[in-house]
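Welcome, and thanks for taking a look.

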Amino acid sequence: MVQDKTSVPPVPGREPAPEADAPDTADTPADTDSASSSGEGDGVRVKGEGRWVLAARVAAMVAGGLLLYTAFPPLDWWLCAPVGIGLIVAGLYRARPRRAAWLGYLGAAVFLFPALAWVRTIGDDVWVMLVATESVFYAVMAALAALVFRLRLWPLWFGALWVTMEWARGLVPVGGFPWARVAFSQGESLFTSYAALGGAPLVSFAVTLCGALLAHAVLVRPAATAGRAADTAADKAAGKAMNKAVRRAVPVAAALAVPLLTLAIPRPGDEGRSINVGIVQGNVPGRGMHPLGDEPAVVLRNHAEETKRLADAVRAGALPKPDIVVLPENSTDIDPYTSAFARQVIDESVKYVGVPTLVGAVVAIGDEHRATRSLVWDPVSGPGAYYDKQHLVPFGEYTPFKEIVLALWERANLVGRQSVAGTEPGDLKLGPVTIGAVNCYEVAYDDTVRGTVRAGGTPLVVQTNNASYALSNLPPQQLAMSKLRAVEHNRAVVTAATTGISAYVTPDGKVSWQTRELVPDMNVVKVPVRTQETIATKVGELPEWALMLMGAVAVGVAARRGRRGDRMENGS
């Protein structure tokens, strides 16, 4: 039998080599199985990797992926996130990189299939392809994690690798897909306040570190210490037990401290200024891939009528007078620049409510392109300043690899005109304030939201159209992102959705008001206007880059030690 690399005998004439695979020079791995070894495909057998151990790894990955999913909306069992990650760590711990990769892929698929179930509206094939693609990132992260488990303080390096993986997911392919980041399961939890220090990346790191520390307490067996010669057997046993208890208590205490430390993070206070914001949710007639229905202008009329209903409620004294009104993305299904009818309907409703209104429209750009636009409409001067969406939805607002995709999928033709991305942040003067316009899908992107806040946007206004995904887990997931953004930037967040969930989130991340889905609704909410920036807003991407650098260095050190251990084993 090939000798286990984790128990390399000393080379004659040399000092005993450090154990390259040891996770901690003061600890030893907990026994997993004494069954016969199983091959890893490279001719090396790993002690304890029998069928039962492999089955235990698979079970841990499946359970961890499922628990991680339950932390996300609509269930919102946020505490399941660190527990689920702890199980994922247990499934990967001391596995070889190749095995860790496919185990990581398995755990990711178990997590992402239900977490991204809302994609099924587009088609089961798209859902499967998206999950299959995103799971690759987790597989790569798991293979690298198998290396850093050899190092001291590996929970830190594992958390850093998780942040790196989520960064990569948000970057590629076709502009990235940052949904289902661990931070977005913590919209309202003990971990949320970390967002004010380092944004979503720091929240993901804190949750992952907590889970890895819990796993460390279970997986790593404290090494015994030698007793004095005069000690009795009973004294030695008692000392050994005490030593183990203390060593296991340390990672548990650290895991508990990670979320509890947020209680000491100071929160910015109220600045004594507020505005009344009217929120309109007009609803749409269609569902699924045809949410706007077959009747032209029905969405436009729905939102115009709901705006007038809000104005009537104000006149009747049922609601306070708004300073501004916010309508959703796609609140008009007809371009008001090219249609005199649409322009008239919008202008009449804005004049009726009597205050500047933010309208969501898809407008033509030349003969072949379009833009998803947040348009300021003044009751006196009409349409004015605008913000064009920067992060576009691939295959929804534009078609990557257009020739190939259109040839393979007929549904891709539903995109129609290709959208053009905006280039400027969403700071828009609207009545007495400069709002920060964020358009739907963009709330998942750190840089877009941060850029809007830095440009002076307050409060944040998220216009969204979730009509295709009504009653799925997408609307509550998006609301959780708004809660995190509110804390991250010390800004109130107002969300206006065509079909729901429209909401108002306080700067502390609390949902003060929200609508039900698939119903017309409106309200006027009092929103604080805050200008003080958080540390996260000021430092931007620095915490994320620091964590990624930590992870990269850890991988490099672990890989070097692994190669050195292999050379010593071979007597070279």
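How many disulfides does the count come to? The count is 0 disulfides, and please keep in mind that this is a predicted model.

**Cysteines**
- C80 is buried, because its relative accessible area of 16% falls under the 20% cut-off.
- C210 is buried too, with a relative accessible area of 5%.

**Helices α4 and α5**
- Helix α4 spans residues 124-148 and helix α5 spans residues 154-169; their axes lie 9 Å apart, at an angle of about 155°.
- That angle is over 145 degrees, so α4 is roughly antiparallel to α5.
- The α4 and α5 crossing is right-handed.
- From α4, the contact residues include F137, Y138, M141 and L144, while α5 contributes, among others, W154, W157, F158 and W162.
- Sorted by class, the contact of α4 with α5 holds 13 nonpolar and 2 charged residues, with no polar ones.

**Helices α5 and α6**
- Helix α6 covers residues 195-219, and its axis comes within 8 Å of the α5 axis, with a crossing of roughly 140°.
- This makes α5 oblique to α6.
- Here the crossing of α5 and α6 is right-handed.
- Among the α5 residues in this contact are W154, P155, F158, G159 and W162, and those on α6 include P201, F205, T208, L209 and H216.
- By class, the contact of α5 with α6 has 12 nonpolar, 4 polar and 1 charged residues.

Conventions:
Residues are numbered from 1 along each chain as its sequence is written. This is a predicted model: local features need pLDDT of at least 70, side-chain atom pairs count only at pLDDT 80 or more; totals for chains, interfaces and linings use all residues. Side-chain values use heavy atoms; hydrogens and water are left out. A disulfide is a pair of cysteine sulfur atoms within 2.5 Å. Buried means under 20% relative accessible area, exposed over 50%, partly exposed in between (1.4 Å probe, protein chains only). Axes are lines fitted to C-alpha atoms, for helices over the stretch in contact, and angles run from 0 to 180 degrees between N-to-C directions. Helices (H or I, at least four residues) and strands (E, at least two) are DSSP runs, numbered from the N terminus. Angles under 35 degrees count as roughly parallel, over 145 as roughly antiparallel, 65 to 115 as roughly perpendicular and the rest as oblique. A crossing is left-handed if the near helix is turned anticlockwise from the far one by less than a right angle, and right-handed if clockwise. Contact means heavy atoms within 4.5 Å. Ala, Val, Leu, Ile, Met, Phe, Trp, Tyr, Cys and Pro count as nonpolar, Asp, Glu, Lys and Arg as charged, and the others, Gly among them, as polar.
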